[in-house]
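Biologist: I would like to go through the terms used for this model one at a time. Please set each value against its criterion before drawing a conclusion.

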Amino acid sequence: MLSFLCFLFFLIPLCIFPGSWWLICSLLFAVSFLYFFSFPYFFCWGNLSYFFGCDVISYGLVLLSLWICVLMVLASESVFRSGYFSGLFLFVVIFLVVMLYCTFSSISLLSFYIFFESSLIPTLLLILGWGYQPERVQAGIYLLFYTLLASLPLLVGILFIYGSLGSLFLCLLRGGVSVSSLFYVCMVLAFLVKMPMFLVHLWLPSAHVEAPVSGSMILAGVLLKLGGYGLLRVFPVLFSFGFSIGLVWVILSLVGGLLVSLFCMRQTDLKSLIAYSSVAHMSMVIGGIMTMSYWGVCSSFALMIAHGLCSSGLFCLSNISYERFGSRSLLINKGLVNLMPSMAMWWFLLSACNMAAPPSLNLLGEIGLLSGLVSWSWYLMFVLVFLSFFGAAYTLYMYSYSQHGALFSGLYSCSLGYVREFALLFLHWFPLNLVILSVDLSVFWM
């Protein structure tokens, strides 16, 4: 694991050279492929190097982080073309990759917490430095205070675990800690805010709307998954108490996801619509994890990976439209099939994946979660039916309003996409539909 970390560290000096943009992009692709072949073929931790290692869960999320960060660089060519602190931008992206890599591969709960909080710094720099509007300062403050306020009790809970067990290594975290309701909330709240759960989700739409495309991609693609990963890591300690209170979180997240799906039907801002759809998808992930069943955990992990690729691709598409029209409003971004007919296919493919159409990984995750949640409590079927229906409805709303209708201001020209943009969208869509071919192996190793 340290070899990959050293590889990433040695990319930092390349940022000072003005023509190193595509070199760094190529090297990040290389490290992604090298990491792909280091799959841990066992059930416990492997590839151990000092305080770092990986199991199946951390392997999938580290690979997703590396892949999304490569696509971030590829999507932000406007920064490179304008020359607006492009070297500093590359440094922030590589620093973010390092923080995420260390977060997901930490085998100590304390080092996980440190890197979990450190990943907030480069995200904040991306929003404040390369955001589009003056309101990005307020969005950055929202992000900072929501996350920090919820994560300080987590540090107290981690120190309490160390006092009870004498160890913070993740592979040794089991029972033996006296779990009270206050301790349970302290350990869980930071991760629920990060996912985010309904009622603590208000920082996410504002951060997405003000962030550049790279910030939106990493927020939706990876940073929301930090919450789910953290829940999976601390639940061995909270296992006995979690059964008695899990129903509260499941109902709150699923009903909240249903309400957020209704909010999506009233959005006119493309990025805001995609951001709210992330909250709706993550509500099902929270419900699956809180059941603490094998089926729910495996399906939640599959949906986290699928949502990371799909929502990141949708943010890329909205940015492609924004670069042409200068607006994210659906009232202006309409009739795109007339302006960019070749992009209409990618809008359709990624919208189909967002509504869990076959053969995408979203379908596998949502079917597994529906099965796991209904088998856990039959009454949840009534909420899940509407949640699935409105999930498809707001995706169709987004696709039909953006692609059909008359072009705004009488534009009749044709704007073809760049090869870079088609490659970017293909690299989102292809893994999303390829992974399902080996899903039997994935479930076996989970």
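Modeller: A nonpolar patch is made of residues with over 30% relative accessible area and no salt bridge, their nonpolar side chains being joined within 5 Å. The model is a predicted one. In this model, Leu247, Ile251, Val255, Leu259, Leu262 and Phe263 form such a patch on the surface, with about 450 Å² of accessible area together.

Biologist: What makes Leu262 partly exposed?

Modeller: Partly exposed covers the range between the buried limit of 20% and the exposed limit of 50%. Leu262 has a relative accessible area of 36%, so it is called partly exposed. Leu262 belongs to helix 12, which spans residues 225-264.

Biologist: How do you know whether Ser272 is buried or exposed?

Modeller: Buried means under 20% relative accessible area. The value for Ser272 is 8%, and therefore Ser272 is buried. Ser272 sits in helix 13, residues 270-290. Not counting residues up to four places away in sequence, Ser272 touches Val209 and Gln267.

Biologist: Which residues touch the most other members of the largest nonpolar core?

Modeller: They are Tyr35 and Met290, in a core of 156 residues. Helix 3 (residues 56-75) gives the most to this core, with 16 residues. Leaving aside neighbours within four places in sequence, Met290 is in contact with Tyr184, Val188, Leu192, Leu231, Phe235, Gly246, Trp249 and Val250.

Biologist: Why is helix 6 called largely enclosed by the rest of the structure?

Modeller: Of the 10 residues of helix 6 (residues 109-118), 8 are buried, so the helix is described in that way. The buried residues are Leu109, Ser111, Phe112, Tyr113, Phe115, Phe116, Glu117 and Ser118. Their cover includes strand 2 (52-54), helix 5 (86-105), helix 7 (120-130), helix 8 (136-165), helix 9 (181-194) and helix 12.

Biologist: What can be said of Asn433, and is it buried or exposed?

Modeller: Asn433 has a relative accessible area of 12%, which is under 20%, so Asn433 is buried. Asn433 is placed in helix 19, residues 419-434. The side chain of Asn433 reaches the backbone oxygen of Trp429 at 2.9 Å, and a polar contact requires a pair of N or O atoms within 3.5 Å. Apart from neighbours within four places in sequence, Asn433 is in contact with Cys353, Pro359 and Ser360.

Biologist: Why are the phi values of Leu199 and Met292 remarked upon?

Modeller: Most residues other than glycine have a negative phi. Phi of Leu199 is near 90°, a positive value, and phi of Met292 is near 55°, also positive. Leu199 lies in the loop between helix 9 and helix 10, whereas Met292 lies in the loop between helix 13 and helix 14 (294-325).

Biologist: How do you know whether each of these two is buried or exposed?

Modeller: Leu199 has a relative accessible area of 55%, over the 50% limit, so Leu199 is exposed. Met292 has 12%, under the 20% limit, and is therefore buried.

Key
Residues numbered from 1 in each chain as written. Predicted model: local features only at pLDDT ≥ 70, side-chain atom pairs only at ≥ 80, totals over all residues. Heavy atoms only, no water. Helix = DSSP H or I, 4+ residues; strand = E, 2+ residues; numbered from the N terminus. Buried < 20%, exposed > 50% of the residue type's maximum accessible area, 1.4 Å probe, protein only. Contact = heavy atoms within 4.5 Å. Core = buried A, V, L, I, M, F, W, Y, C linked by side-chain atoms within 4.5 Å. Patch = residues over 30% accessible without salt bridge, like charges linked within 9 Å, V, L, I, M, F, W, Y side chains within 5 Å. Areas by Shrake-Rupley, 256 points an atom, 1.4 Å probe, with all protein chains shown as cover. Salt bridge = Lys/Arg side-chain N within 4 Å of Asp/Glu carboxyl O. Polar contact = N/O pair within 3.5 Å; in protein donor to acceptor, adjacent residues only side chain to side chain.
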